[in-house]
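Here is a short briefing to read alongside the model. Please keep the sequence and the 3D view open as you go.

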Amino acid sequence: MTSQTPLAQTLKLRSGTVLKNRICKSSMNEALAEADGSVTNAFRTLYSTWAAGGCSVLITGNVMVDKRHANEPLAAAVEDEKDIFLLEQWAKSATAQGVEIWPQLNHPGKQSPKFLNDAPVAPSAIPLASDMFIPPRELTEAEILDIIARFIKTAEVLGKAGFTGIQLHAAHGYLISQFLSPKHNQRQDQWGGSLENRMRFITEIYKGIRKSLGKKFNISVKLNSSDFQKGGFTEEESIEVAKVLDGLGIDLLEISGGSWENPVNRRGEQKASTKAREAYFLDYAEKLRKEIKVPLMVTGGFRSQSSMEDALESGAIDVVGMARPFVVEPDFANKLLTSSNNVSPVKPITTGIKKVDAMAIMEISWYTNQIHRISEGRKPATKVRGLLSVINVFYQFWRRGQKVKKVRA
Ligand SMILES: Cc1cc2nc3c(=O)[nH]c(=O)nc-3n(C[C@H](O)[C@H](O)[C@H](O)COP(=O)(O)O)c2cc1C
């Protein structure tokens, strides 16, 4: 037993929730919903396996607040109480085992691919540098207010279903992060321009959810340390946003980075100092730690127990966030808590074809297939080749993409 590991320490959040350890499963889209975004039973099996795996918090894959705007086919969408029974079962799969479960709320904005969305929206009509996406239309103020109300409504339904918190997805280039970025938000009204105006979208969402669900409901934010894009959201701006969110009373801040155009969240920046410490955003977390009081979690790159323990002991972070390690080993957290010197066997997934390997969808496909196996009560098949997963997922997209578009319109 390694009862001395800092990973096993409890942590009291502002909400009063006591996390039973410092290990959190970060968000991964499950692609287990129906074509129209309805929740299925598969979520329950998946999360009950993950809850038994030892983490203190499970952040779910992103849940759309508007089913017409999805980032991936078969992403869940929660707009009202029609799926409340299945949502209750999903929440219970974790809470019955004493584990926190927080759905991640998202609106993709312009990062909604054209096989799903003919009319994507964004703070400004600035296209993405990829022909996977139709150039977006600028949101009107009434539409911005409608999306804020949708975030609040989705949180209310989830709170009613028994989820113990939510996370706002403000990272990876989706709508909240589009609002924060001076490159993607060039509005002249109260929602654009100064950083204060650009962060109004997220602060209004946060305030609305807090007002409705109260102090005991956990509200986390996943924020980019930076977009890593010229003219984009910088570390300095990210620190300012984190300070404001801290002041407003969020319960846990998760740090990530990048976007579809530059997915550093899954491959890191490749700096020597980053490689040595594994986690991609630790240098930033150290700077941020001095500026804020809210518990801080970093996700991206953690693989070895020693790096996780060093990061906690240095005081840079309070919670270790991981995603891919829990697909390969759903009980990895239990291993960390009960033995020493563990290292996750996660390795880059490759097909041997350079062009295919460069596609973000390649790695995501491989993990999605494994998540589906776990949701069926099976073990992950870690020897499956990357190319097979891509073919499988592309087949699913082809078969279901048109249907998704039709039923979500
Ligand atoms: C299959 C898959 C799906 C993901 N879906 C989401 C998501 O819905 N929301 C999110 O914030 N991050 C998502 N991510 C990113 C992860 O949360 C995490 O930031 C990233 O994988 C780096 O952490 P890791 O090195 O521990 O895997 C996803 C990653 C993978 C592999």
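**Barrel, helices and rings**

In E12, Met322 is the bridge partner of Lys25. The model is a predicted one, in which local features need pLDDT of at least 70 and side-chain atom pairs count only at pLDDT 80 or more, while totals for chains, interfaces and linings use all residues. Residues are numbered from 1 along each chain as its sequence is written, and side-chain values use heavy atoms, with hydrogens and water left out.

**The barrel**

- Strand E3 (residues 23-25) and strand E12 (residues 319-322) run parallel and are joined by three bridges; strands pair if DSSP finds at least two bridges between them.
- Helices (H or I, at least four residues) and strands (E, at least two) are DSSP runs, numbered from the N terminus.
- Eight strands close into a barrel with parallel pairing, in the order E3-E4-E5-E8-E9-E10-E11-E12.
- From one strand to the next, the twist averages 25 degrees.
- Helix H1 (residues 42-52) packs on the sheet and touches E3, strand E4 (57-64) and strand E5 (100-106), where contact means heavy atoms within 4.5 Å.
- The direction of H1 makes about 155 degrees with that of E4; angles run from 0 to 180 degrees between N-to-C directions, and axes are lines fitted to C-alpha atoms, for helices over the stretch in contact.

**Helix H2 against helix H3**

- Helix H2 (residues 84-95) packs on helix H3 (residues 141-161) at an angle of about 65 degrees, and their axes are 8 Å apart.
- On the H2 side, Ile84, Leu87, Glu88 and Ala91 meet Val157, Leu158, Lys160 and Ala161 of H3.
- The residues of this contact divide into six nonpolar, no polar and two charged; Ala, Val, Leu, Ile, Met, Phe, Trp, Tyr, Cys and Pro count as nonpolar, Asp, Glu, Lys and Arg as charged, and the others, Gly among them, as polar.

**Aromatic pairs**

- The structure holds 10 aromatic pairs, meaning rings of Phe, Tyr and Trp (its six-membered ring) with centres within 6.5 Å; planes under 30 degrees apart count as stacked, over 60 as edge-to-face and the rest as tilted.
- Tyr47 and Trp90 form a tilted pair, 5.6 Å centre to centre with 50 degrees between the planes.
- This pair links distant parts of the chain, with Tyr47 in helix H1 and Trp90 in helix H2, 43 residues apart.
- Tyr47 counts as buried because its relative accessibility is 0%; buried means under 20% relative accessible area, exposed over 50% and partly exposed in between (1.4 Å probe, protein chains only).
- Trp90, at 1% relative accessibility, also counts as buried.
- Ring pairs link Phe43, Tyr47, Trp50, Trp90 and Phe163 into a cluster.
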